Number of protein chains: 2
Amino acid sequence: MTTSIRLPKELKVRVSEAAGHAGISSHHFILQAIEEKTLKEELNTNFYEEAEKRYTQIIETGECVSWEEMRCYLESLQSVPNPIKPIARKLEFNVKN
Amino acid sequence: MTTSIRLPKELKVRVSEAAGHAGISSHHFILQAIEEKTLKEELNTNFYEEAEKRYTQIIETGECVSWEEMRCYLESLQSVPNPIKPIARKLEFNVKN
């Protein structure tokens with residue numbers, strides 16, 4: 001599937017030089033650029049969607065995991081094969097003024 | 001100037017979705033991707049070329065600036081309008097075994 005891109009002449013020259021430095025063809029360089037930016041955008045979108053989903057869940061249920069428990073879990077991942085995941089529950093917050 | 005890119009169909013669909021999320025056209029998204037990667041490569045190349053040039057100069061002349069002086073200079077940039085740049089000179093190194 002061929003896509004036509006209107007590339008300013010000046011940019012085309014820069015792409016050619018940058019690709020030369022990277023030791024690949026201009027075409028390969030452009031393909032890499034498109035793939036990399038697309039992946040970055042996808043990961044970014046997924047990250048925010050996941051965060052929004054979890055935040056909504058916290059608001060709806062009032063249940064969450066304390067940072068102390070989560071930190072403990074994350075640290076144990078390095079030494080214990082299958083550590084027990086902390087369970088979400090309603091937490092009491094001490095809000096300071 | 002038009003450049004033709006052979007874009008795999010699957011990537012084309014992903015680009016279209018990512019561009020939609022970013023609120024721009026696929027064409028604009030691709031152009032941005034190419035510009036961003038080109039600039040990154042250029043900066044990277046300049047950085048290494050400059051570093052190589054300076055390193056060669058150090059080797060040839062044996063002159064350089066100590067980190068203590070450079071650090072002092074960099075910090076003074078925040079408070080003094082035109083601080084005096086440290087001058088490169090032959091340094092004696094205390095090499096520890």
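**Cut-offs at work in a two-chain model**

Modeller: E10(B) is exposed, its relative accessible area being 52%. Bear in mind that this is a predicted model, where local features need pLDDT of at least 70, side-chain atom pairs count only at pLDDT 80 or more, and totals for chains, interfaces and linings use all residues. Residues are numbered from 1 along each chain as its sequence is written, chains are lettered from A in the order in which they are written, and side-chain values use heavy atoms, with hydrogens and water left out.

Biologist: Why is E10(B) called exposed?

Modeller: Exposed means over 50% relative accessible area, buried under 20%, and partly exposed in between (1.4 Å probe, protein chains only). E10(B) has 52%, so exposed is the word. R14(B), at 22%, therefore counts as partly exposed.

Biologist: What makes R14(B) and E10(B) a salt bridge?

Modeller: The term asks for a side-chain nitrogen of Lys or Arg within 4 Å of a carboxyl oxygen of Asp or Glu. For R14(B) and E10(B), the closest N and O atoms are 3.7 Å apart, so the pair qualifies. Both sit in helix α1 of chain B, 4 residues apart, about one turn of the helix; helices here are DSSP runs (H or I, at least four residues), numbered from the N terminus.

Biologist: Which salt bridge joins E36(A) to the other chain?

Modeller: E36(A) pairs with K37(B), with 3.2 Å between the closest N and O atoms.

Biologist: Why are α1(B) and α2(B) called roughly perpendicular?

Modeller: They pack at about 95°, with their axes 8 Å apart. Angles of 65 to 115 degrees count as roughly perpendicular, under 35 as roughly parallel, over 145 as roughly antiparallel and the rest as oblique. So α1(B) and α2(B) are roughly perpendicular to each other. V15(B), S16(B), A18(B) and A19(B) of α1(B) meet S26(B), F29(B) and I30(B) of α2(B).

Definitions and conventions:
Axes fitted to C-alpha atoms, helices over the stretch in contact; angles between N-to-C directions. Helix = DSSP H or I, 4+ residues; strand = E, 2+ residues; numbered from the N terminus. Contact = heavy atoms within 4.5 Å.
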